[in-house]
Structures are given as C-alpha cells and as structure tokens.
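Try each task before you read its solution.

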Amino acid sequence: MNSDDELDRRISERLLDVLIHAGLILALVWLCYQVFSPFLVLMVWAVILAVTLYPLCRALARRLGGRQGWAATLITLFGIALIVTPTAVLVGSMGDSVHQLVHDVQHDMLQIPPPPERGAAWPLVGERIHAFWSKAYTDLPALIKSLQPKIGELAKTALAMVAAIGGDILKFVVAFIVAGILMAFGEGGARASRAIFGRIAGAERGVAFTTLSTATIRAVAQGVIGIAFIQTLVVGLCLLFAGVPLAGVLAGVVLVLGIAQVPALIVTLPAIAYLWMSGGYGTVEAALWSVLLFFAGMADNVLKPLLLGRGVDAPMPVILLGALGGMATAGILGLFVGSTLLALGYQIFMGWVQGNAAGEPHAE
C-alpha cells in the first residue's frame, strides 16, 4: 500500500471517528433536551428571578451576618406571599367572572343595556354594531341560540385559559423556590456563567457578555416586567374591591398594556366612568374609588424612576414581540420569559456586532 492510500485510509478513519462522536453528542443533547424540556420555561424564569433579586439577597445577607441561605429563604417566602397571593385572588376573580358569564348565557339571565342612539352614527361600523346591539337588547335568547356553537367553543376556551393560568401560578411558586436555591449559591452560579461565556466567546468577551447579560436581564425584569406586574396587581385589586365587573380580565389587559409600555389609563378611565354611570355607588364611594383607580393607572410613572432610572436599551417592539410570542408558546409564564429572552438575545447580538466593529464587545 502506497503512502497516498495510507493517508486516505487514516483520513477516512479519523472522519468516521469525528462523525460518530458528533452523532453521539447530538443524540445525548437531544435526549437531555427531551428530559429537561417540560421544565425549561420554569427553570429559565427561575434563573431570571435569581439574577434580578441577587443584589437584594446579597444586601440582606450582609445584614444577617453573611448568611446567604437565610437571606434567599426570606426573599423567597416574602415574594410568594406578596406576589402570588394577590395574583391568585385576581385569577380566582377572573374564573368566577367567566363562570358567571357562561351561567348567565346558558340560563338566559344575561342583561344587556340598550344601545346608545349616537352609536349608529359611528363611521364604517356604527350601523352594524348598533343593529347587533339592538338585537341583543330586544331578543337576547334568539341571538344566543343563533351563536350557540361559537359561544360554546369560546366558553370552553375561556375556562381552559383560566385553568392554565392557575397552573402557571403554581409554576411561578416553584420557580420562586428554585430561584431562592440559586440565590443561596449565587457566587458559584456567577463563576459558572463567566466560565460558559468565556468558553463560547473567549475570556475577554466572556466577561463582557456576562456583564451585558446580567444588566439586560435586570433591566427588563425590573423596568418592564416588574413595573407592569406591580401596576397590574394594584389596578386589579382596586377594580376587584370596587366591584367592577370582570376585574381579573381587565387586570390581564393591564399586564399586556404595561409590557407594551401603553398607559393603564386606557383601562382605568372607562372603569371610573362605569362607577359614575352604573348608579350603584354613592358620591363619596365613587369619588374615592375614582381617585384610587386614577393614581393606580399612573403608578408606572412613579415606579419607573424607582426601579429602573433611565430605561431599557432594547427597543420596545422587541420586548413586546418576545412577550406575545412567549405567551403564545408557554402561557402567562412565557409572557415574562419571552420578553426577557428576546431582549437578552438582541443585546448580546448587538454587543457582538459592535464588538467586531470596534475590536471589543460593549453595550450601546
């Protein structure tokens, strides 16, 4: 056998070894993903919570004599009590509202107010809306009967959505517990993150990308998701205790609007109008709830300077697309995870682009 044949044989054997090793590695990665995929969104949200709350954990640990585990435990318990409990109340209200609506429709107990005459003058859709509303007001049972298949499907979808939200609350509690465990071992996690980024992008860029990732996660979690979530709880509880119908549903609308950076006054101002027009509230009571709802709708203007300062570098369309895409794929928990991950991916990509152009990675 000549030298060329021997070289070809060695190259073939080496290539075959490489392909076998690569195939085994891919198979192992795929199997690991199949095992881990049911917990993927939950674990990502736990990491986001841990990264966001870790500075608070370190500050509390210093006051407790360096007891990192105790600090993480206290933050976890406080977070579950402060966030999950009001959320469960609002979700319960949403479920009750949907159940009551379905019950009223099925038993012909739903009351529809008469349509305003000026509604027919609205451009393009005014006449159609006025005709549909008039039919619902004069003969609601016949209208419900004509729409029965669609109403049944919508009712099933709404009830399934409420049940899914209840499951997401349980996942949120578990994610908070996992985040507490991660915070208790925060120093090791930080070293592991730097090692991973360093292995992927090199030592110098690894440190820069680690810093950029941490800053982006905290900025989005605090400045967008945190503000929207806190405002949702405040507005939702005000709507609930004021007795406004569909308080839980309206709170969900406030959450999406908050992530999209749209003022919550779009929801609270019509709710204030309902308080005065329904006739079920006294003047003092209506005035009190109106003031509370108005300031709750403006709460983001106070929370932004406290939680964020100058704002998030990622464009709002990126955050909104991440939130909507995450909600479509993973429910309410995906709403938070998707917005953070897409903003993080955008920032890392832009840091990589600018680092190649300027010779070193850096944030905008």
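**Exercise 1. Count the helices and strands of the protein.**

Start with the overall tally: the protein has 13 helices and 0 strands. Here helices (H or I, at least four residues) and strands (E, at least two) are DSSP runs, numbered from the N terminus. A word on the source: this is a predicted model, in which local features need pLDDT of at least 70 and side-chain atom pairs count only at pLDDT 80 or more, while totals for chains, interfaces and linings use all residues. Residues are numbered from 1 along each chain as its sequence is written, and side-chain values use heavy atoms, with hydrogens and water left out.

**Exercise 2. Find which residues touch the most other members of the largest nonpolar core.**

First, the term: a nonpolar core is a set of buried Ala, Val, Leu, Ile, Met, Phe, Trp, Tyr and Cys residues joined through side-chain atoms within 4.5 Å. Buried means under 20% relative accessible area, exposed over 50%, and partly exposed in between (1.4 Å probe, protein chains only).

Next, look at the members: the core holds 42 residues, and W45, C57, F172, M183, L255, I259 and F336 touch the most others. Helices 2 (40-63), 3 (68-106), 6 (148-184), 8 (203-242), 9 (247-259) and 13 (316-358) each give two or more residues to this core. Helix 2 supplies the largest share, 10 residues.

Then pick out I259: leaving aside residues up to four places away in sequence, I259 touches V224, A228, I319, A323 and L335.

**Exercise 3. Decide whether Q68 is buried or exposed, and list its contacts.**

Begin by locating Q68, which is found in helix 3. Its relative accessible area is 18%, so Q68 is buried. Finally, with neighbours within four places in sequence left out, Q68 is in contact (heavy atoms within 4.5 Å) with Y54, C57, R58, A61, M183 and A184.

**Exercise 4. Describe how helix 8 and helix 11 pack.**

Two packed helices are described by the angle between their axes and the distance between the axes. Axes are lines fitted to C-alpha atoms, for helices over the stretch in contact, and angles run from 0 to 180 degrees between N-to-C directions.

The axes of helix 8 and helix 11 (residues 283-297) come within 9 Å and cross at roughly 165°. Angles over 145 degrees count as roughly antiparallel, and helix 8 and helix 11 are therefore roughly antiparallel to each other. To finish, list the residues that meet: Q231, V234, V235, C238, L239, F241 and A242 in helix 8 face W289, L292, L293, A296 and G297 in helix 11.

Key
Parallel < 35°, antiparallel > 145°, perpendicular 65-115°, else oblique.
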